[in-house]
Structures are given as structure tokens and as C-alpha cells.
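Here is a short briefing to read alongside the model. Please keep the viewer open and follow the topics one by one.

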Amino acid sequence: MGHEKRSDDKHGFVFNIQRYSLHDGPGIRTIVFLKGCPLRCQWCSNPESQKVSPEVALNSRKCIGTKECGFCARECRDGAIIEKDDGQIRIDRNACSECFRCVDACPSKAMTLFGRLMSVDEVLRNVEADGIFYGRSGGGMTLSGGEPLMQPGFARELLKEARRRRINTSLETCGFVDWKVLEAACFHLDTILFDIKSMDPVKHKAFTGVTNELILDNFERLCREFPNLSKRVRTPVVPGFNDTMEEIGAIVDFIKGRPNIEYEMLAYHRYGQPKYEYLDRVYTLSDVHLDDGRMSELRGMAKERLGKLALENEPTEPRVRMEAPCATCGS
Amino acid sequence: MNTCCETLSPQEQRIQEEIKGIFNYEGRERIYKILNSFKNERPVIDIERARYFTESFKQTEGQPLVLRWAKALKHIAENITVYIDDNQLIAGRVGCQGRYGILYPELDGDFLDLALKDLPSRVESPFNISQADADLVIDQVGPYWKGKTFHEDLAASLPEDTLKLTYDPKDPLRSRFIVNETASFRSSIQWVHDFEKVLKRGFKGLREEAVEKLNSLDPLSPLANVKKRPFLEAIIILCDAVVLWAKRHSALAAEMAKKESDPVRKKELETMAAICAWVPENPARTFHEAVQSQWFTQMFSRLEQKTGTVVSNGRMDQYFYPYYQKDKQEGRLTDEQATELIELMWVGMAQFIDLYISPTGGAFNEGYAHWEAVTVGGQTRTGLDATNELTYIFLRSKREFPLNYPDLAARIHSRSPERYLYEVAETIKEGSGFPKLINDEEVIPLHLSKGATFEEIYDYAVSGCSESRMPNRDTYTSGCAYINFAAALEMVLYNGRMQIYGDEQISVPTGDPRKFKTWEEFWNAFITQQTNFIKHAFIQQALIIELRARHFAAPLGSALHDLCMKNMIDLHQPVIEGGINLGYFEYIGYGTVIDSLAAIRKLVFEEKKLTMDQLLKALEANFEGHEAIRQMLMNSPCYGNSDMYADSIAKGIDKAALEFTKTYAKELGVHLDLRYVPFTSHVPFGKVVSATPNGRKAWTPLADGASASHGADVNGPTAILLSNFNSKNYDYRERAARLLNIKLSPRCVAGEEGTAKLVSFIRTWCDLKLWHIQFNIINKETLLAAQREPEKYRGLLVRVAGYSAYFVDLSPDLQNDIIARTEHAYV
């Protein structure tokens, strides 16, 4: 079975390939989502991305129950499919040996496998399917995750091969990676989307599980060593974490004046929440709400402070894109 | 809810404001006064056309048909009530004030009496009629036509096997919705006149041409005496009729001007009186005259005959341009005035309803549809980009005043300027479904291969849903078959029978599918059924061509057609020398069939997860108690995802259909090309098809046009375009239009960046040489809200098939169909 294999330079775990993405780099793009992330952000909207290895998800809304179906229970050799009183099922994840026979058996796709081992060529063939749209729109491939550089060799080879096939490349990163790994990827990049979540190391550690020193160091070095690379800095604005003038202001001041920078703020949303249920995990950040007024204040401030900078880089309008990403629509 | 998914289209914003009582009529006070005078009113049937047409026909029995037709039109022109509407600057309507439809008893006189009783209560597009009018039609109009209509003739002439697939053999009024003829609910397919001819020469010029020809006929020639003379006489009578009708408007306007106390309106009426006295008899001299001349011609063509979806308006931005330019240069016209004049046409169009009497016609054309296309953009006769200032006025008008008429169609080519594409994209973003896009890069080479010259096809106009016309070269007017291929699939499953029609052997037996050992056997059985349907469609068509020539004439259409005038022959005659006969047959249920075949191939024959017996039991039970099987079927490869497993099946069935017509169309002397344009027929067609192996439940709508089945397209809109590309057989010239619906959430196209990406999407669509595309930019929540509270959403326009209609005017079935189309939110 594929899941027993390891990620190497030519193969890696991919949990989704999403075509027609418009908000993660220029033009019409295909996003390749790689498994694995060194951070554990409380607001994470892709919990299925965190572990590098494959995992099974169960969407009860799609499950038609054991009365009509029960195929998964019949296929399972570990007794890990437990029938509930209402005819629905749950997975006993301790008993599960991750053979994923249940996923193959499920007729309604209530059970899905996040993380499939794919070769560089297989991924690129998928990406090239929309090639005709990239040419007209300036789009291409975006690697995302998780943190795509958690599978460093695979990510690098994907970017390198995409470039060889004349596909525009973009990488979304949390920045928490070894500089050498980041550097190796940058040689094959047209655009980088770099997350800066907070300038406060203590808070950063509390909300994401890691401190921000490595991230900020990497960012400074990136600006120094790859000044011509187009960079879009992104901040997820999360209530109770960084939705203040001070927090966002500090980030804006940090990036201001650096070469080839665009700044984007992504409003907090909780569309990823159902996926926690699918994975039998708990969403901890459940009761917060981002105030619309607050968001527009922050936007105004960022626009004002970066306006000049953006004008230095771009002859036209400052491109401070303020729309939020949406887990319903994925954009 | 997060703000990002609450992005509203401009149309949605406007409706929300209107719900709060905020209306913005600024700069369009006159237009809105007219619009508000008829909006939301149930249409009325006006019987005058039917009455005078029949009166005249009673007097002319035995005379040549084209002459009878011209005389009937003259009789109508002399007697029909003429109107000048309040606030209007353009004159000419062919029925009472408000929303109205008119009757064509030559088509459906045999069942008018029955139909008139049902119309007010019909679910799809109801109409009102007064008791006195209904009585008049039932007593004086209907009885004359009994035994004389085309529909009766056709039903009587169909061979038994064809009849079974066409009508209920016991009641030919009832379509079986299997191999559905459309020739009996319209006397012509969608059409476009050469309006430029009227603007430049006037009906006086056309009349002079006919007189000249008449004078130079060989007096000894029997053919000249029997055929050409009556034709030319008919043209002369027709020209007189149109002019007479226009002058009655002039007289009325003058009379009203005398009585008018408001000096501003008095002046307007005097101007109208002067214009109607001059055009359409004489060549137009100003933009206002050109608009009036076109309008009279367009309206009179409705009196002539029932053209499917109404005669389209051709390339307005081209033929009006010289008048616009001249008026602008000479300081007679501002852009605001030009915009007002064209919008006065739009509110006029919106009052005419394309009334279908027959239940089949009504079900095919829901939402009071008439696809009265106005074409903009494209290329000039010499192959240059044709965009001009008027093009942008039309687009801006559509954004600022998004009425359901006209059906704006934008031609796109590989060198379409950026500004044009951006304005097209901005107009699409408004959210009312306009414009639809037609691709020059597909239409032009295809027509060249069918015999058009470059000059003719560069100048094509969009016609009806998604078709094209060369107004002086096209000569085929017969309505063609709409074929329910989901029913062909059902015939395979039940060995030539359908669940809804019980044990009756309707199609050829192809054996018990339980005994099929291989996918090839199943595939061959399907192709046998598909071919049998097409065979009977062609039999219908051969008879239709022959019969129509004895039932219909079109002196106006002929007067405006170079080849009819040259050959002195009516447009509805089957052979017109030098013409190109572009007919078609319609593939309905494409996505449904493809997904069903893919599921059978994969689950029954390849993976053997299901037996045919299990499948049939689940289908017969409409999946009750077989949900797991339904889920397996639904989760098999589907068309619309750029997945070659499904797309190669799609290409295979397309090819088999093309092969048939390649072999047999020439026997009929016409092109009968494969088309995927459903009107709204996929809804009534679905109502006769039981559960299908793609997991579709019984009696629900089929997939529309060349779009994916509902909810089956999960890879986004790029994949849908690619599936269309993958499934086309570009090496066959027997291809014609494919209609493609894409639904996007407004969030997808938000902002300047959204516009740019929509433009690049359209550019790629053009590169892929796909024929047609149209967009619904709307939130699903809005549609659901409109179903809950229709009174608040009366103004909500949605894209249906090749046209936009008011959502609340649609039947619940069609509303649900539109809601179920996959919304792509990724853009």
C-alpha cells in the first residue's frame, strides 16, 4: 500500500490538488497541498495537513449508515469501525492499523484519505491539465500545506520540475524551516507567499506552538538574498491573538521598505472546524469572533502605512488585498 | 458568517436595496415609468392577429400560399389596433398594452379551444384571456383551422414506429418527450433578418426591386407565371402592408399631438408622427429613424409568423453605427439620448411574450422566454475587430439597466481588445446572466467548411439561444428534433421499453442487459438505441421539410433575403439555390448519459462491484432501500471534471451521432448538425425518464446542454471547459452549438483582480474553441430566498438556457434545477 512508503525527493504525501484557485499567487492556479506542518496554530483551517503521514477522515453527514450500507465495517480487519446506536459509525483510532480498506469500500465518500503518496511526475501531470489557463492568466502551480517544506526534497523537486516545464511557481510557507531548505526552494520560485503571524515571540509560541525567531530571521535573509523575488506577506488576523493595532502595526513596520513586498491580511474564519470532527479532534478556538469594524480599522492602518511602500514598488494602485480566505470556497 | 462569502453581485445588492424601498431611477425616469407600468403583470392574450389572419385566409382559399400570406398580413395591417404608448418615443406593438402574447392558429388552431381553457392555470408561464376573446377564438378562429394545421398533417404522416417515439399514438397532442419534433409549435427556427437592408433602402426600395423583377418576367414562361409572379406580387403587397401599418402610427401620433396639452410631450408626438411617416418606407436618415425603422420591421415580423424564440436583432452595434456616428458628428445626438432610445426598445421587447399554446411548447420555453438576441462585437466583413463606441453603449446599458431583454450576445475572437473583454466581464459580473458569449474561433471555421464565404461568416449574427445566422445565406427554417438520449439509455436497460410507458415496445429490442457479458455489448446496445432515435428524428425531418412548404410562407422574411429575391421563391420552400441549409438535431441529457455509462462500465463490467441485476433492481425501486448503490454510482467518474474516463465516453457518443448525420443528412439535402442546446427541455424530458445509473432519481431534470450533471462537476470551471474540449470531435464538420452554463459565486469575481481573472478565463475558453458560454453570478442563498419570498424577488434575473428570465416566473422544477447547478466558488 502506498501509505507505507516514505516521502523522498521524488515522492511525497499530497492531501489535495485544487484547480482554479485565484487567491494564492498570480493568475489562475492549481494548488498542491502537501502534508505536514511544524506549527500547531489554534485557528488552523487545514487540520488534515498537520501530520505528515496519511490519515482517514469521516464525514458523518455523508455517511448513509449501517442500515443501508456498513461496507466499511465489513472490510475492516481491526474491528476499528464501531457502530453507534443511531446506525452511524465512528472510528476507533487506537485500534485502526491504517490499512484504509474502509476508505476504498465507502460508496458515499464519507470516508476519505488525507495524504496520498504521489510522484513528482504524477503531480505535475495533474498541474499541467490546466496549463492552457496559466498561459492566459499568468497563473501556475502553488505549493501549500501544511508547510510544504516539511517534505523538503519533494517540494524542491516539484518546483524545479514545474519550472523546467515552464510552469509559473509559487510557494506558501510559514517560514519555520531551515534556511537551507527555504533557500533551495527559492531558486525555483516566481512568487513566495510568506506568513508572518505575530512579532511577539511569547504569544507566537502560545498560539502556534513555536516561537517566531527562525521565521523572522528567514524573512530578513530572504529579503536580503532574494531581493528580486516577488513576496506576498500574509497575516491571518485572529481575534484575541493579533487583531490589534499594535500587533498588525508591528508586522507592517517590520516589512515596510523591503524589496518586492505586497501585504495581505486574511480575516479569521472557522470554516475548517468540521474537519476537526472528521478527524476526531477538538477545535480549541471555538468561541471567538472577528469584528468587521476592527478588521477594517486594521486594513485602513496597513493601507496607510504601506501605501508609500507599495507605490515605490508598483507604479499603480497599492495592491493591498484585504479579502479573507474562505474555507467554504477555499479561496 | 464570514464576510467573504457574503459578497453580493450588483444585481443582488440592488434587490436588497429595493426590498428596503430604495430605488434609483436617476437618468432613466422615462424608462422606469414605462417598465413599472407593466412589470409583474400576468400577460394577456391578444387575439387580433389570429382573428384578422383567419378572416383573410377564409377569403383566399386556393390561391398561392405566399400570396395568401401577404394578403393576410395586409388585412392585419389595415385592421389591427395601433397604439402609441405613454412616455414612449418609439411606436409599434402587435397587441394590447402591457405584457401580451399573440396567437398563430395556423400552427395550433386544432387545439386552441382546449388550450385556452388551460392557459390561465398552467404552471409554466400562465396567461390571461377575456371570456369574450376566448369565445371569439373558439367560435370563429379555431373551427376554420381544424383539419388544416401543420401539426395534424405531420401527425397523420408519421410512420408507426416514428409516431410512437414522437406522440402518444392515441393523442398526438401529447408529446412523448422522446424524439420530440419542434416544427409544429413554431413556423420557423430562430432567425435574423438583414435589417441593414431596410435601414438603407426602405420598403420602398424593396418594393421597387419587386416591381422591376415583375416587369422583366418572361411573359411566356409557365414557371414565371405560376411561381415567380405570385411571389413578387406577394412582396409588393407585403411592402405596402408594412408601410401602411407604420403610417397608421404616424396618423395616431399626429392626432394625439393635437390633443396633448403638455408642450414637451406634444413635441415628442410630433416628432414620432414625422418619423413614422418617413420610415420604414424610406431609408433612415438619423439614429432615431434607424431605431424606429428596425423596430417596425422587427415587430411586423411577429405578425408574419411564429419564429422560434422570435426573430433576433442581428448586429445592432454595426448597422446602427453609421447613423449614430453621423448624428454625433452633427451634434444631433448625445450618448445619453442614444442609450435612452435603445432602452426604449428594450422595454418594448419586454412587453411582448412569446406565447406557446401547446403544452410541449410551453414546457420547452419557460419563463415567457424569447431569445431576442442583440449581437455586439466580433469582426467586420473584412475580418477586422468590429468593436465601436456603440458596442460599449450596449454593454453599459446592460450593466446599468439589466432587464431580461434583449438577450445580449457578445462575439469573442482571439484579438478581441482588452477593453471589450473587460467590459464584457464587468457586465457578466452584474449578475443578470448577460451577455452570453459566442466564439468566432469556433463558429467561423466551421461555417467555412460548410460552404460560407469569409465575408458572410465574418458578419454572422447570433440567433436565438446560441446559434448563428448569415441572414442572406442561411435558408433552412424547419424546426428540428430534440432527442431525449437519457430515454435511449433507459431503452437499453429495459430492452426497448420505458418505465413510464409500461410494457409498450417503444424502441428496438436490444436484449436483456443482465445477459451482457462485456462493456462492449452494453456500449453497442446503447449506440443501437441512440442510432434508432436519430434515425426516427431524420424520418420526422424528411417529412417536416416536405410538409412545411405546403403550410407556411414568409413574404417579409423573403423580401429581406438576397437569395429569395434573386430566385423569386419563398423562404420556407425546401430548395433555394445558393443557400446553405443548416439544420440540426439536439442531444438532450448528455451529462446524464455519460455519467450513467461511465458508472456501468466501471462498477458492473470493470470492478464488478455491482451486478446488472442489482443495478436494475435499484433503478426500478428508484433507489429506495438501495442508497449504497446510488452513492457508488454517484461517486463514479463524471463528465465535467476533465477526467478522460468519462470524457472519452462523451467523445464516443458524440462521434457516433456525428457519423450518422455525416452519412444520411445529405439525403435530405441539408446539414443536420449535432447540437447541445436544451431550451428548458431537459426539465420535461427528465419527467419521463425513470432513475438513471448516474444516481439521478426518477422524473428529475436531465443534465442541460453540454454542462455537467447537477453537482457532478467538482473540479471547478476550468475542468468543465476541458471536459467540453475533450469530448468534441474537431475533425467532423457536422458539429454545431454546444450550450455551456457556469455558475459562479459573486465572491469569485470580486474586485479588479476578479475581473482580470474572469477575462483570462474567457480568453482561454476562446482558445479552446468552445462555441458558447454563459455565467450565473449569484449566491445560492439568494435563489433560496427568492423561492421563499417570491414577491420580494420579482426582479431577480437568472440565466436559464440560452437566455435570462425572471426567477419567480419559472416553474418550481426549473427553479430547483438552477439551484442544483454546481456553484463554483473558487474563482
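H10(B) and H13(B) cross in a right-handed manner; a crossing is right-handed if the near helix is turned clockwise from the far one by less than a right angle, and left-handed if anticlockwise. This is a predicted model, in which local features need pLDDT of at least 70, side-chain atom pairs count only at pLDDT 80 or more, and totals for chains, interfaces and linings use all residues. Residues are numbered from 1 along each chain as its sequence is written, while chains are lettered from A and ligands numbered from 1 in the order in which they are written.

**Helix packing in chain B**

- Two packed helices are described by the angle between their axes and the distance between the axes.
- For helix H10 (residues 195-215) and helix H13 (residues 287-304) of chain B, the packing angle is about 125 degrees and the axes are 9 Å apart. H10(B) is therefore oblique to H13(B), given that angles under 35 degrees count as roughly parallel, over 145 as roughly antiparallel, 65 to 115 as roughly perpendicular and the rest as oblique.
- Axes here are lines fitted to C-alpha atoms, for helices over the stretch in contact, and angles run from 0 to 180 degrees between N-to-C directions. Helices (H or I, at least four residues) and strands (E, at least two) are DSSP runs, numbered from the N terminus.
- On the H10(B) side, B:Phe195, B:Val198 and B:Leu199 meet B:Ala290, B:Ser293, B:Gln294 and B:Thr297 of H13(B); contact requires C-beta atoms, placed from the backbone, within 7 Å.
- The contact of H10(B) with H13(B) has four nonpolar, three polar and no charged residues. Ala, Val, Leu, Ile, Met, Phe, Trp, Tyr, Cys and Pro count as nonpolar, Asp, Glu, Lys and Arg as charged, and the others, Gly among them, as polar.
- A second pair in chain B is helix H3 (residues 48-59) with helix H7 (residues 131-145), at an angle of about 40 degrees and with axes 10 Å apart. H3(B) and H7(B) are therefore oblique to each other, and their crossing is left-handed.
- B:Ala50, B:Arg51, B:Thr54 and B:Lys58 of H3(B) meet B:Leu136, B:Val137, B:Val141 and B:Tyr144 of H7(B). That contact of H3(B) with H7(B) divides into five nonpolar, one polar and two charged residues.

**Cis peptide bonds in chain B**

- The bond from B:Val279 to B:Pro280 is cis, with omega near 5 degrees; B:Pro280 sits in the loop between helix H12 (263-278) and H13 of chain B.
- B:Phe434 and B:Pro435 are also joined by a cis peptide bond, with omega about -15 degrees. B:Pro435 is in the loop between helix H19 (418-430) and strand E8 (436-439) of chain B.

**Positive phi in chain A**

- A:Glu98, a residue other than glycine, has a positive phi near 60 degrees. Its loop runs between strand E5 (89-91) and helix H3 (101-105) of chain A.
- A:Glu98 counts as partly exposed because it has 15 C-beta neighbours inside 10 Å; 20 or more would be buried, 12 or fewer exposed, and partly exposed lies in between, with C-beta atoms placed from the backbone.
- A:Arg166, not a glycine, has a positive phi of about 60 degrees, and it is exposed, with 11 other C-beta atoms within 10 Å.

**Domains of chain A**

- Chain A is divided into domain 1 (2-52 + 115-313) and domain 2 (56-114), with bounds from an automatic or database domain assignment.
- The centres of domain 1 and domain 2 of chain A, taken over C-alpha atoms, are 32 Å apart.

Definitions and conventions
Contact = placed C-beta atoms within 7 Å.
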